[in-house]
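I opened a new page for this chain today.

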Amino acid sequence: MACAVISSPNLNPNLKASASLSQSSFSAKLHFSSQFSSLSASPLSLRFNENLLRRRLGGHTSSVSPTFVVVASAKPDALKIMISGPPASGKGTQCELITKKYDLVHIAAGDLLRAEIASGSENGRRAKEFMEKGKLVPNEIVVMMVKDRLLQSDAQEKGWLLDGYPRSQSQAAALKELGFEPDLFILLEVSEEMLVERVVGRRLDPVTGRIYHLKYSPPENEEIAARLTQRFDDTEEKVKLRLRTHHQNVEAVLSMYEDITIKVNGDVSKEEVFAQIESALEKLIKQKKATPGAVAI
């Protein structure tokens, strides 16, 4: 298994390595890291962010002898996928199909946020205020939750599908600074008229967590229908605000991933949408298999 070397002068003593490096060894490590940083975009790849250390230490690194912790790295062939689109563009359905076929870990930023809101935490209360206004939740509330989930062992070993994040250029930049870069960015495109219709008719079963639609996917019986709820932001007024926010930010996000973006027509059936995505993923898998993986250290 490939390994990574992560440095921090403020690590818990129980996690510190048993020995520290001399300044000359530290410099050599930085040089070696720069040679191989392009092999993997994972935050667990072998590299050291000297600028980050310099900021944390008040601009000084020359007198510091950092300690290092060795941790397991992601598999070189693990897929790292981002999927984005406006509200009700079908991301949820496509994520189910993708994770079922490719066994990726599905990470939905929206679910992480709603969990915070449900818990009644300070971050949750702050997030709800922004969401009710149809605005983006500030980066500092979301980025650490996303980072922590991407770093969990299942996501590192199996690969991940990040759903609904990043939604702005600043969020994409924050992920890149943390070392997270996708192999493929999928953008679902759906006409605004259809999106409004999908959102207004959408309902949630609080018991099973299943999403229904009063027109396109109605509940199976009256018992389920009676307990369905509507999300507070699933109104026509709020969805139009969210759509405006989405359109204002999507181009900026795409500028970060323009070389790896595929635009998928979401106005067709879910099977046809998935066929477009599947074609791109199969091509990516073949490319990864044909390209030598990261060097195991």
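**Helix 9 against helix 11**

I began with this pair: helix 9 and helix 11 are oblique to each other. Oblique is what remains once angles under 35 degrees count as roughly parallel, over 145 as roughly antiparallel and 65 to 115 as roughly perpendicular. I noted that the model is predicted, that local features need pLDDT of at least 70 and side-chain atom pairs 80 or more, while totals for chains, interfaces and linings use all residues. Residues are numbered from 1 along each chain as its sequence is written, and side-chain values use heavy atoms, without hydrogens and water.

I looked up the angle next. The axes of helix 9 (residues 192-200) and helix 11 come within 10 Å and cross at roughly 135 degrees. Axes are lines fitted to C-alpha atoms, for helices over the stretch in contact, and angles run from 0 to 180 degrees between N-to-C directions. The crossing is right-handed, meaning that the near helix is turned clockwise from the far one by less than a right angle.

Helix 9 brings Glu192, Leu195, Val196, Val199 and Val200 to the contact, and helix 11 brings Glu236, Val239, Lys240, Leu243 and His247. Contact means heavy atoms within 4.5 Å. By class I have 6 nonpolar, 1 polar and 3 charged residues here. Ala, Val, Leu, Ile, Met, Phe, Trp, Tyr, Cys and Pro count as nonpolar, Asp, Glu, Lys and Arg as charged, and the others, Gly among them, as polar.

**Helix 3 against helix 12**

Helix 3 (residues 91-102) and helix 12 (residues 270-290) have axes that come within 10 Å and cross at roughly 40 degrees. That makes helix 3 oblique to helix 12. This crossing is right-handed. Among the residues in contact I found Leu97 and Ile98 of helix 3, and Phe274 and Ile277 of helix 12. The classes are 8 nonpolar, 2 polar and 4 charged.

**Asparagine 249**

I then went to asparagine 249, in helix 11 (residues 236-257). Is asparagine 249 buried or exposed? Asparagine 249 is buried, at 18% relative accessible area. The terms are buried under 20%, exposed over 50% and partly exposed in between, with a 1.4 Å probe and protein chains only. The side chain of asparagine 249 reaches the backbone oxygen of threonine 245 at 2.8 Å. Leaving out residues up to four places away in sequence, asparagine 249 touches Leu136, Arg167 and Ser168.

**Whole chain**

Last, I noted 12 helices and 9 strands. Helices (H or I, at least four residues) and strands (E, at least two) are DSSP runs, numbered from the N terminus. Of the 297 residues, 42% are buried.

Conventions: A polar contact is a pair of N or O atoms within 3.5 Å; within protein, one must be able to donate a hydrogen and the other to accept it, and residues adjacent in sequence count only if both atoms are side-chain atoms.
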